[in-house]
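Here are my notes on the model you sent over. Have the structure open while you read, and go through the points in order.

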Amino acid sequence: MEVDFDSPEEQPLPNVIPKVMEQVQQMVEQNKFTVLHRVIELSIQHVNQKKEIMKLQQSIKKVLEDRMQTKSDLFIQHNFQKNVQQIEDLKHDTSVRVRDKLEAINALIKSNEALRAQLKEDDAMARMERDEIKKQLDALTEKATEARIKELNDKRSKLADEWQSSKDRNSKLKQEIDKLNHNKQRDMELARLKESVKAVKIEAATNKPNMILNGRPKTNVFIKKATEKHRENGTSSKKPAICIISDSDICVYAKIDCAKNSLPLKMATLRLIVCVCACVVGVQSAVILPKIPDVLNPPVPDGIDLVQQSAFLESTDQDPEVTPGLFQGDMAMDNRMYRYWRVGLNWDVFPERVWPNGTVPYAISPLYDVDDQVTILQAIRTLNFMTCVNFVPWNGKDKDFLLIWPIKYPKGCWSYVGKIGGTQIVSLQPPDDRSPNCLGNEGRAIHELMHALGIFHEQSRADRDRFVKIIWDNIIPAFKSNFEKQSLKNTTYSFEYDYNSIMHYGKNYFSIGKGKTTIETKMPGIKLGQRQALSKTDCLKINDLYKCLDNPKISKKYYNLCKTLGI
């Protein structure tokens, strides 16, 4: 019988025992004891081998555990050595830092000791000086004190006399100023009457060629009663009128009327006669103004569409200094000038832009009404009086001169900045039915003439953000570049920021809507954009630019004029 005996590892235990018992029973029945004995021996041997294997496995497991422990110990030992090295390095660095700190502290202690010694020495000297002063004070007698008091009283009396004298001089200066203003007014009145008579004469000469014989006008001026003439017009006035009589016996009445003048009739009549005579004598020296078109294209920096911006601004309710649509509204400026302005360079870089010797030839367009011409002349008179700049009538020969002209496009108040050479336009829009525009008073004319002299807007200074706040959300988006400021790198200022400057923007310039402020002051209660007169700083800026304050002979005069008459 073949024995089929499998080891317990090859079969499950519950199946092995019954099967083994069955095989043993069969071998007993078949008297196979030898085989059975061999099987038992093999079984015992198998069990012993299994025990040995288990012991071997336990030994191997223990060896592996010992090996793992040894590896762990070696890793810990390595980390320990590494940490020890780091601790040694940290200790060394700490020692170095502590040593440096100690050296610094020792140096500071030595410095403090030296300073303490110096302080002790200074204290000793101060004590000595105090004792000396105390001795000197003790040495002063009552008589010396009285003499000192008397001396001080004399100085006070002298200062009071000087103050009174200065007050008298100021009063006298004010009287002289009033007298000069009166004389200027009289001169302007004569000039206005002269222009009026000149216009009449030119019109009469145009209509009647025979008024000029042999190249010289043959004109008689006289006063006659205009009773009959007024009767023909339905009036009964007996006031005299001026007649200009030529060879053709033409008499012109309506052009000049003495009754319209605020001066006394006799004085006005006398001035008219003098004015007409001056016109007759000086007709040969009359200058011919260049022909100026109604439409100009003044230069603007790149990025500015003059046609589009000017058309847009004319359709809005903007200030006349804004409507031209030039750079910052009213400044004609090319790219070169814009770059110069942007980086904040001084006029020393472009001396040709400053009027030589402060002399500015000018001419005024005959298209202006008499009242508008008077307003322009008042602006020129103010600048001539308060600064050493000298505006003189153009003689027809000077190459460079200002021509004040009512340009129709771009409309509004605008000017070039500084002297550009040749015929230089200053555009001042005359009053119309909607607004006084640029000639409501002399303020806007002064503003544009200051541009022509080389003065920029006040709010474009590099330091303006310390004094005003720009409300960017209230500015028309296309015109935000007009609120740029100069670079601080090359900019220095001789005078403080001036809220009262006639060159400062108004609070609503380029506003998106009525009541929307674009500039706010950082000091409450201050108004911006006055256009009444020169401020003290405006006056000083011009005098400083044209070296009036560097001349010791005239600096005090113009400094006092700016401080006295500037607002």
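1. A word on the record before using it: UniProt positions are given in the numbering used here, feature names are shortened, and annotations may be inferred rather than shown by experiment. With that in mind, the unreviewed UniProt entry puts the feature "binding site" at His447, His451 and His457.

2. The ground rules, briefly. This is a predicted model, where local features need pLDDT of at least 70 and side-chain atom pairs count only at pLDDT 80 or more, while totals for chains, interfaces and linings use all residues. Residues are numbered from 1 along each chain as its sequence is written, and side-chain values use heavy atoms, with hydrogens and water left out.

3. The overall picture. The protein has eleven helices and twelve strands; helices (H or I, at least four residues) and strands (E, at least two) are DSSP runs, numbered from the N terminus. Of its 567 residues, 35% count as buried, where buried means under 20% relative accessible area, exposed over 50%, and partly exposed in between (1.4 Å probe, protein chains only). Take the contacts (heavy atoms within 4.5 Å) between residues at least 6 apart in sequence: 71% of them join residues at least 24 apart.

4. Now to the histidines. Is His451 buried or exposed? His451 counts as buried, because its relative accessibility is 0%. You will find His451 in helix α9 (residues 443–453). Not counting residues up to four places away in sequence, His451 touches Asp330, Met331, Ser415, Tyr416, Val417, Gly418, Phe456, His457 and Met503.

5. His457 sits in the loop between α9 and β11 (468–470). His457 is buried too, with a relative accessible area of 3%. Its side chain makes a polar contact of 3.4 Å with the side chain of His447. (A polar contact is a pair of N or O atoms within 3.5 Å; within protein, one must be able to donate a hydrogen and the other to accept it, and residues adjacent in sequence count only if both atoms are side-chain atoms.) Leaving aside neighbours within four places in sequence, the contacts of His457 include His447, His451, Asp330, Met331 and Tyr505.

6. Have a look at Gln459 as well, which lies in the loop between α9 and β11. Gln459 is buried at 2% relative accessible area, and its side chain reaches the backbone nitrogen of Tyr505 at 2.9 Å. Beyond four places in sequence, Gln459 is in contact with residues including Gln328, Arg464, Met503 and Ile519.

7. On to the sheet. Six strands form an open, mixed sheet in the order β5-β9-β10-β8-β6-β7; two strands pair if DSSP finds at least two bridges between them.

8. β6 (residues 359–364) and β8 (residues 401–405) pair in parallel over three bridges, with Ala363 bridged to Leu403 in β8 and Ile364 opposite Ile404. β8 also pairs in parallel with β10, over five bridges, and Ile404 has Val426 as its bridge partner in β10. Four bridges join β6 to β7, again in parallel; Pro361 is partnered there by Val392.

9. How covered are these strands? In β8, five of the five residues are buried. Phe401, Leu403 and Trp405 point one way from β8, and Leu402 and Ile404 the other way. In β6, five of the six residues are buried, so β6 is largely enclosed by the rest of the structure.

10. Last, the helix α9 against the sheet: α9 lies across β5, β6, β7, β8, β9 (413–416) and β10, and runs at about 15° to β9. Axes here are lines fitted to C-alpha atoms, for helices over the stretch in contact, and angles run from 0 to 180 degrees between N-to-C directions.
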